[in-house]
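Hi,

Here is the model I promised to pass on. Have a look, and my notes follow below.

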Amino acid sequence: MIRNLPLATLRTFEAAARHQSLAKAAVELSLTDSAVSHQLRRLEEALGVDLFEKSGRGVVLSDAGRIFSRTVGTALQDIARTAHSLADADQVGGRLTIACSPMFASKWLAKNLADFCYDHPAIECHIQLVENDRVAEVADVDLGIQFGSGSWKAKWAALLEHIAIAPACSPLLFQRAGRSFAKPSDLQDVMLLHQDDGTEWRRWLAGEGEHDFEIFRRHLYCNDLSIAIDLAAEGAGVVLVSDTLSASHIGEGTLLRPFAGTIQATGGWYVLCDTSRLERSNTRLFLHWLLGRFGQTVNLNGGDQAAATGFDDSP
C-alpha cells in the first residue's frame, strides 16, 4: 500500500479536512474544485475507504477520515517544522535576545532552554528579565514571552497556551498542619499565597462552593508568582498555579495537587515580537522550537492556522 499510496494527495487531503470544505482547500492550494475532488478520489481508492461523507451541499469527514486526518496533519506539521529548522540552521548565528518575566524564566525557560542552546550552538541566547506587563514595551529584543490578552499594538503575537490554574502545595505543609486537606474549607487556617489581590483565590473557592472568603484568615501576597511557587514548595502555604509553571516541582514531588478543581486564568501565554524581527533566521528557528514545545505549529501553507498563530511561512 505504501508503494501505491499517492503521497502528493496528502497535502490536498489535509487542507480539505482542516477546512471541511473542498472549495476552500482548492483556493488555498490554487487548484480547481475538480482537481481537488480527483485527488481525493485517488487517495480514497488507494486506501480502500471513504474519507468524506456528503452533508448538505458540503462534506464532512467520515470516521476513517477523522482518524487519518489526525495522523496526516501531525506528520505534515512535523515534516514542515524539520524542513524549516534545517533551512534556517544554515543561516543562524549570533545573538538572540528574549524578554520575559522572572516567573516564566525561572519556572519554564530555565527548565527547557538548554535543549535549544545545545541544538543550536551558533546562537548566543540572552535572557532579559522584566515585569510581565512590560515585556511588549522592551526595545532591542528579538522576542518576548508574556502572559496577557494576546493583543499588543504593532506586534506580531502567537498563542502558546491558555492555562488552567489549581491549588498546589508541598507535602511539608501537611506535616506542618498535622493533616491532609480533603475539602477546600480545610484551608481556613492555612496560608493562601497570592500573586494578585486575592481575586484568583476568590474565584477558585467560589467555584468549589466556598463563597465566604473572610473565613480564610491567613494570606501572603507576592508581586511575582515564581516567589509564591517557591514559598509553596518550602511548605509555607498553598498557591494557585498552572501545570506549565509548576511542572518541574510536580514531577519532583515537591509540590502536589490536593484538589482537582481548576479555573481558567484570565489570559494566556504568548510569544511576541516586532514584525521586522521575523525576517531573522534566529528568530524563526526559536519560534518553531518554542511553539513546538507547547504543541503549536507555524503553518507553512497559510490559511486558518496562520491566523491562529499569526505567522505565515508561505513560500
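This is a predicted model: local features need pLDDT of at least 70, side-chain atom pairs count only at pLDDT 80 or more; totals for chains, interfaces and linings use all residues.

**Helix α1 and onwards**

In α1, the buried residues are Leu 10, Thr 12, Phe 13, Glu 14, Ala 15, Ala 16, Ala 17, Arg 18 and His 19. Buried here means under 20% relative accessible area, exposed over 50%, and partly exposed in between (1.4 Å probe, protein chains only). That makes nine of the ten residues in α1 (residues 10–19), so the helix is mostly covered. Gln 20 comes after α1 and has a positive phi, near 55 degrees.

Residues are numbered from 1 along each chain as its sequence is written, and side-chain values use heavy atoms, with hydrogens and water left out.

Now α3 (residues 33–47). Its buried residues are Val 36, Gln 39, Leu 40, Leu 43, Glu 44 and Leu 47. They sit on the same side of α3 because they cover an arc of only 135 degrees around the axis (the arc of the directions from the helix axis to the C-beta atoms). On the other side, Ser 34 and Glu 45 are exposed. Just after α3, Gly 48 has a positive phi too, about 80 degrees.

Overall, the protein has eleven helices and ten strands (DSSP runs numbered from the N terminus: helices are H or I, at least four residues; strands are E, at least two). Of its 315 residues, 48% are buried.

Cheers
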